[in-house]
Amino acid sequence: MNHWDEKFNSEDYVYGKEANEFVKNTFQSKTTNKEKVLLLAEGEGRNAIYLAQLGYDITTYDMSNVGINKQDKLAEDVGVNIDAKYGDITQPNLAPQSSFDYSINIFGHVPKEGKQGMFNNLVQSLVKHGHSYFEFYSTEQLEYGTGGPKDESMLYDTEEIKTYLRDLPVKIHQLEKHEFYRNEGIKHTGIGSIIQGHIEKI
């Protein structure tokens, strides 16, 4: 059982069942076009289920089989379908390339050596003019102690993210650090230092 299996191995949903606020603010209306969404490091499924309820065609990847099972259970409980897969989001060619209208990573922090690979997957999976959204804790989050990794190398700053995007075919629409309140289960609760991004594949 790996670290994430251990974290998710309870009846409770440790990050809650409600979608992340950034996701809810970005995707507010139902779709009838069955646009395809890829979610990386989706954990227990809260964002996937929310988007599936809006009518999106959902594929997720995560490294926890326990989390994937909880995704499937939550989808069944609310009556939607998702395609939840096991996979390392930092590895090359994780998902089918040029196949998704949107890609998303919400607090899917990875080791520093895997960050470039993760951003590659976010972008390469998109169709041309597809959009990617992400929300991470910044390096300043260690001062807040309200969630996220304790290892600073797994956190981000905006200039660092720009280096990962530099050689990718993207237009940056948003890349900003904010102080936000998050109430997401028992792991993300309180004011934190958060980076939000919106990029487009060009």
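Modeller: One definition comes before anything else. A residue is buried when its relative accessible area is under 20%, exposed when that area is over 50%, and partly exposed in between. Keep in mind that this is a predicted model.

Now take helix H3, residues 46–53. H3 is mostly covered, with seven of its eight residues buried. The buried ones are Arg 46, Asn 47, Ala 48, Ile 49, Tyr 50, Leu 51 and Ala 52.

What do the buried residues of H3 pack against? The helices are H2 (21–26) and H4. The strands are S1 (36–40), S2 (57–62), S4 (100–106) and S6 (170–184).

Look at H4 next. This helix covers residues 65–78. H3 and H4 pack at an angle of about 30°, and their axes are 9 Å apart. Angles under 35 degrees count as roughly parallel, so H3 is roughly parallel to H4. The crossing of H3 past H4 is right-handed.

Which residues make that contact? From H3 come Arg 46, Ile 49 and Gln 53. From H4 come Gln 71, Leu 74, Ala 75 and Val 78. Check the numbering against a simple rule. An α-helix has 3.6 residues a turn, so residues three or four places apart point the same way. Try the rule on the contact residues of both helices.

Gly 16 is in contact with Arg 46, Glu 184 and Gly 185, leaving aside neighbours within four places in sequence. Gly 16 and Arg 46 are 30 residues apart along the chain, yet their C-alpha atoms are separated by 7.1 Å. Where is Gly 16? Gly 16 lies in the loop between helix H1 (3–8) and H2. Its relative accessibility is 15%, so Gly 16 counts as buried.

Ala 41 lies in the loop between S1 and H3. Its phi is near 55°, a positive value in a residue other than glycine. Ala 41 has 22% relative accessibility, so Ala 41 counts as partly exposed. After H3 comes Gly 55, with a positive phi near 105°.

Ser 98 is found in the loop between strand S3 (83–86) and S4. At 45% relative accessibility, Ser 98 counts as partly exposed. Remember that S4 is one of the strands that the buried residues of H3 pack against.

Next, the aromatic rings. How many aromatic pairs does a search of the whole structure find? The number is twelve. Take Phe 119 and Phe 136. Their ring centres are 6.2 Å apart and their planes meet at 75°, so the pair is edge-to-face. This pair links distant parts of the chain. Phe 119 is in helix H5 (residues 115–124), Phe 136 is in strand S5 (residues 126–137), and the two are 17 residues apart. Phe 119 is buried, with a relative accessible area of 0%. Phe 136 is buried too, with a relative accessible area of 0%.

There is also an aromatic cluster, formed by Phe 22, Phe 27, Tyr 56, Tyr 102 and Tyr 133.

Two lysines sit over rings. Lys 70 lies over the face of Tyr 13, at 4.8 Å from the ring centre. Lys 115 lies over the face of Tyr 156, at 4.1 Å from the ring centre.

Finish with two residues further along the chain. Gln 141 is in the loop between S5 and H6. Gln 141 is buried, with a relative accessible area of 1%. Beyond its neighbours within four places in sequence, Gln 141 is in contact with Thr 146, Gly 147, Gly 192 and Ser 193. Thr 163 is in helix H6, residues 158–165. Thr 163 is partly exposed, at 33% relative accessible area. Thr 163 and Gln 116 are 47 residues apart in sequence, but 8.8 Å apart in space, C-alpha to C-alpha.

Notes. Residues numbered from 1 in each chain as written. Predicted model: local features only at pLDDT ≥ 70, side-chain atom pairs only at ≥ 80, totals over all residues. Heavy atoms only, no water. Phe/Tyr/Trp six-rings, centres within 6.5 Å; stacked < 30°, edge-to-face > 60°. Helix = DSSP H or I, 4+ residues; strand = E, 2+ residues; numbered from the N terminus. Buried < 20%, exposed > 50% of the residue type's maximum accessible area, 1.4 Å probe, protein only. Lys NZ or Arg CZ within 6 Å of the ring centre and 35° of its normal. Axes fitted to C-alpha atoms, helices over the stretch in contact; angles between N-to-C directions. Parallel < 35°, antiparallel > 145°, perpendicular 65-115°, else oblique. Left-handed = near helix turned anticlockwise from the far one by under 90°. Contact = heavy atoms within 4.5 Å.
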